[in-house]
Amino acid sequence: MSTDLNKNAMQTGDSFWQGVKDCVPTLLGYLSIGFAAGVVEKTAGLSMIEIALMSLLLYAGSGQFIAAGMIAASHPVSAIIVTIFFINSRHLLLSAAIAPYFRKNTTSKNLITGALLTDETFGVAITHAQSKKQLDYKWMLGLNIAAYLNWALATIAGGFFGQWIPDPERFGLDFALPAMFIGLLVLQILSQKKYFIDIIVAVSSGIVVVVASFFVSGSAGVILATVLSATIGLVITKWR
């Protein structure tokens with residue numbers, strides 16, 4: 001079985017280094033976003049070691065931006081942990097969506113893939129998987145490791161130069177993460193060319209977030225919108 005997978009990977013070009021190459025567009029975004037995260041974390045009072053450890057251990061763009069803001073506002077550690085947990089719980093959905101493409105891999109390999117999965121690498125992988133029945137582990141490993149190391153280096157660089165940027169919001173650095181998500185979303189929509197369904201899902205997501213904001217927290221509203229809008233998109237796809 002492993003020999004067949006290796007042959008298939010060689011035929012399709014899905015090698016470790018091909019995964020690194022396919023990560024290049026994401027790396028360019030990570031440089032700016034990671035740098036912005038490092039600047040924000042430095043402004044919040046974190047040391048260089050703390051910035052490096054946060055990137056290596058937490059490794060979550062939105063989580064690191066939120067953690068920096070909460071640390072600057074002197075929130076308790078328990079509140080920061082709970083908030084980041086709910087914000088990053090969307091990774092359960094991402095992992096569930098991409099898991100079928102790795103069902104023939106061992107549990108240890110899938111754990112490594114899941115641990116390094118991010119919104120951006122998920123976007124690259126799910127787009128790459130549209131013409132495939134499964135994804136190669138080595139390709140995914142190259143994609144994930146390239147993004148992981150680039151993110152860590154970018155945040156460390158941002159932390160180093162952040163001491164000379166006391167007001168990151170003045171340069172729009174706090175908007176770097178949403179900007180990258182918008183870019184990835186646009187690229188994925190253009191690659192799929194299912195504009196009707198994409199528009200319906202986007203509009204339904206916006207409506208659910210607005211309505212949910214009156215009843216639950218912002219992070220819970222985002223998760224609820226993700227589940228409901230994805231369900232709506234699935235139902236429309238099946239009916240058409």
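This is a predicted model: local features need pLDDT of at least 70, side-chain atom pairs count only at pLDDT 80 or more; totals for chains, interfaces and linings use all residues.

Q: Where does Glu-120 lie?
A: In helix 9, residues 119–128.

Q: Is Glu-120 buried or exposed, and which side chain of opposite charge is nearest?
A: Glu-120 is buried. The nearest opposite charge is Arg-90, 6.8 Å away. A salt bridge needs 4 Å or less, so Glu-120 has none.

Q: Which side chain does Glu-120 make a polar contact with, then?
A: Tyr-30. The two side chains are joined by a polar contact of 2.7 Å.

Q: How many residues of helix 9 are buried?
A: Eight of its ten. Among them are Asp-119, Phe-122, Val-124 and Ile-126.

Q: Switching to rings. How many aromatic pairs are there?
A: Six. One of them is Phe-16 with Trp-17, edge-to-face, at 5.2 Å centre to centre and 90° between the planes.

Q: How exposed are Phe-16 and Trp-17?
A: Phe-16 is partly exposed, with a relative accessible area of 25%. Trp-17 is exposed, at 61%.

Q: And what about Tyr-59 and Tyr-148?
A: That pair is edge-to-face too, with 4.8 Å between centres and 85° between planes. Tyr-59 sits in the loop between helix 4 and helix 5, and Tyr-148 in helix 10, so the pair ties together parts 89 residues apart in sequence.

Q: Are those two tyrosines, Tyr-59 and Tyr-148, buried or exposed?
A: Both are buried.

Q: Which residues do ring pairs link into a cluster?
A: Phe-35, Phe-160 and Phe-161.

Methods:
Residues are numbered from 1 along each chain as its sequence is written. Side-chain values use heavy atoms; hydrogens and water are left out. Helices (H or I, at least four residues) and strands (E, at least two) are DSSP runs, numbered from the N terminus. Buried means under 20% relative accessible area, exposed over 50%, partly exposed in between (1.4 Å probe, protein chains only). Lys and Arg count as positive and Asp and Glu as negative; His and the chain ends are not counted. A polar contact is a pair of N or O atoms within 3.5 Å; within protein, one must be able to donate a hydrogen and the other to accept it, and residues adjacent in sequence count only if both atoms are side-chain atoms. Rings of Phe, Tyr and Trp (its six-membered ring) pair if their centres lie within 6.5 Å; planes under 30 degrees apart count as stacked, over 60 as edge-to-face and the rest as tilted.
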